[in-house]
Amino acid sequence: MANLPLANLLHHKLRSVLSALGIGIGICMLVTLSGLSRGSLFEIAERAESVNADLIVSPRGWGDNAADKAGSALPDKYAKVILDRHGDIVAKAVPVFVWPMRLAGQEQRATGVEPNDLPMLTGGKKLSEGRCFDPDGRFAAWIEHKLLAPPAPATGADAASDDDIADTQVLNLTQADLADPAHDGLELVIDSRLAKAGGYRVGQTVSVAGHDWKIVGIVPAGAMTRVFLPLRTAQFLFGSGDVTKSTMIMVKLKPGVDIGFAARAIHNTIGHDVVPLTQYRGMLIARFGIMFTYIDIVNAIALVIAFLFIMITLYTMVLQRTREIAILKSFGASNAFILRQVLAESLMLTGFGTVMGIALSFGAAWLIQTIKPLLTVTITWQWIAIALAAGTAGAVVSGLYPAWRAIRVDVVEALTME
Amino acid sequence: MNDSDNILVAEGLYKSYGRGPARVDVLRGLGLMVRRGEFLAVMGPSGCGKSTLLHLMGLMDSPDSGRIVFQGQDVNGSASRRTLLRRQGIGFVFQRFNLLGELSAADNVRISLRVRMLRDDGRAGELFEKLGIAHVQRRKPGQMSIGEQQRVAVVRALAHRPALLLADEPTGNLDSANSQVLLEHLRQINRQDAQTIIMITHSAEAAGFADRLIYMKDGQIVDQ
């Protein structure tokens, strides 16, 4: 069967390809930027959701902001209080100290945690290389002794009061003290994705936050954060020397315990915010979801421009083919037939452009993740379907005006013009 | 002769273009009857209204006043009615062939059938054979000689078995050899298939192939 729209597109190959490319770039932007923004954010959410815990306890009033909070905030003693008061429903309460550290050219959320509690944050994943930091707790014991144990008796007028102990000893600690092989405090465990992105390997020393850290282990990607360090090191270095407070407490409930009930019970006991871990994704979206709106607006503008481009192309083609349209009308072509021809051409052009755009999206995703390995571009069927729907709707809308012009072609005038 | 012998009757056709001082009266009360199976040639100087008459008879345009009856039906109705009658009953051959350049000869014929919501019943193939251009069916217009292009235009115009074939200067762009071939084919189709043909021409030689000749001047028929 003669396919005039296809024949027309093939007759003007370069123009057709350029027009389709315009659509393809718009579709590629739509799929890639959506995949990048949502992919990166949801990858963080998925990592958080992989934690083997049920509740997050954070300071009162943090609410949705807990998703990106860091530093000293919540006394560790609450972990013990939770266990003591709710031992019937709570299996484990783990203080974690979150702080940003710059690695592989990008800020990473690092988590300080007791070595024994690391498996909870990795979702049970075992280290693929090396060992855990502070494996026998020597550094924790050492720093606690330094900061929490009663001071040696001082003599003379310069003797410090009990309140001054911590500050005085902080000031006296050096890089050498912290990194002393006897207690190994400046050690990191990183995830495999960060290791690949930064070219890091076990045994390597990296300078971060004014200290030299030794990478001692690598955990498979998917753990809560990409960087882990000893809880006491994190508290001491990033919590102004206060080794009694963490950022939040992760709570694992006993099997069969109702999460909502447990959250209310713990909240009633300590008075701080207690939210199910399953709400973490929602918290992230509430905090950063506005980014999706910005990106979606940019995408919409790009698509509108792309479809204006298609409309101009089709309009130009209609003007150039006035005589051909008149010939079809001389055969007795109905308005519906002419409309179908122009819309079919528009649909073919945008269909080709949309397929091209989706293919380009996969290429762009690969390129982005190759250049910036820590970014995640997730191309989902949902966004491919949205791209196809946008392409189809755009094709129809942008084809309507040229089609209307085609319908209005005066057959006598067009056939008699030279 | 009764009315059913006439495929087309035009009565008192007036048609003008422009307004005010720029107004040009192209047809001035023209009347015409065309019999079924007739091969009619229309001649006249440029600007005498030949093409306008063809457009009116081809139901592509409507007269300012007057009446056209095509196959017994008054066609002074809506544009959609004229389109329907044109689609079913009329075929056109243009001076400039007007083949669609992106399509092959066969596809040019197919698209005209598709517009008419018809399937190829084999008539197109017969015509390609009859006009000696079976070998060009897969060629695009740019790959054919002008004589072949015009014969493809004839196939396209007749593939749906129209009651009336209108030819507007069909030999105007052809050399004498190709003109001769085309006119002989038209006459053969007229004779063998009783195909009614109205041909506008400047050429007395072309007009000589017709059964009847009418001569137009200043928007009227001055001689038959």
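In which sense do β9(B) and strand β10 (residues 220-223) of chain B pair, and over how many bridges? They pair in the antiparallel sense, over three bridges. Keep in mind that this is a predicted model.

- Six strands of chain B make up an open sheet, running in the order β6-β7-β8-β3-β9-β10, and the pairing is mixed.
- Its edge strands are β6 (90-93) and β10 of chain B, each of which pairs on one side only.
- From one strand to the next, the twist averages 25°.
- Strand β9 (residues 212-217) of chain B also pairs with strand β3 (residues 39-43) of chain B, this time in the parallel sense and over four bridges.
- Over on the β10 side, Met216(B) has Ile221(B) of β10(B) standing opposite.
- The hairpin of β9(B) and β10(B) leaves two residues between the strands, and Asp218(B) takes a positive phi near 50° there.

**Nonpolar cores**

- The largest nonpolar core has 110 residues, and those touching the most other members are Leu40(B), Val42(B), Met57(B), Val155(B), Leu166(B), Ile198(B) and Met199(B).
- Helix α2 (residues 13-49) of chain A is the element that gives the most to this core, supplying nine residues.
- There's a second, separate core of 72 residues, with Ile44(A), Ile82(A), Phe133(A) and Ala197(A) among its members.
- Back to Met57(B): if you skip neighbours within four places in sequence, its contacts are Leu8(B), Ala10(B), Ile68(B), Leu166(B) and Ile198(B).

**Where chain B meets chain A**

- On the chain B side, 21 residues are in contact with 19 residues of chain A.
- Three elements of chain B give two or more residues to the side that touches chain A: α1 (50-57), α2 (79-89) and α3 (105-115).
- Of these, α3(B) gives the most, with six residues.
- Sorted by class, that side of chain B has eight nonpolar, five polar and eight charged residues.

**A helix pair in chain A**

- Two packed helices are described by the angle between their axes and the distance between the axes.
- Here, helix α14 (residues 335-371) and helix α15 (residues 381-407) of chain A pack at an angle of about 145°, and their axes are 8 Å apart.
- The crossing of α14(A) and α15(A) is right-handed.
- What classes of residue make up the contact of α14(A) with α15(A)? There are 15 nonpolar and 12 polar residues, and no charged ones.

**A closer look at Gly112(A)**

- You'll find Gly112(A) in strand β4 (residues 106-113) of chain A.
- Gly112(A) counts as buried because it has 26 C-beta neighbours inside 10 Å, and the cut-off for buried is 20 or more.
- Residues up to four places away in sequence aside, Gly112(A) touches Val96(A), Phe97(A), Leu229(A), Pro230(A), Leu231(A), Thr233(A), Ala234(A) and Gln235(A).
- Gly124(A) sits 12 residues from Gly112(A) along the chain, and 17 Å separates their C-alpha atoms.

How values were computed:
Residues numbered from 1 in each chain as written. Chains lettered and ligands numbered in written order. Predicted model: local features only at pLDDT ≥ 70, side-chain atom pairs only at ≥ 80, totals over all residues. Buried ≥ 20, exposed ≤ 12 C-beta atoms within 10 Å, placed from the backbone. Contact = placed C-beta atoms within 7 Å. Nonpolar A, V, L, I, M, F, W, Y, C, P; charged D, E, K, R; others polar. Pairing = 2+ DSSP bridges. Core = buried A, V, L, I, M, F, W, Y, C linked by C-beta atoms within 7 Å. Axes fitted to C-alpha atoms, helices over the stretch in contact; angles between N-to-C directions. Left-handed = near helix turned anticlockwise from the far one by under 90°.
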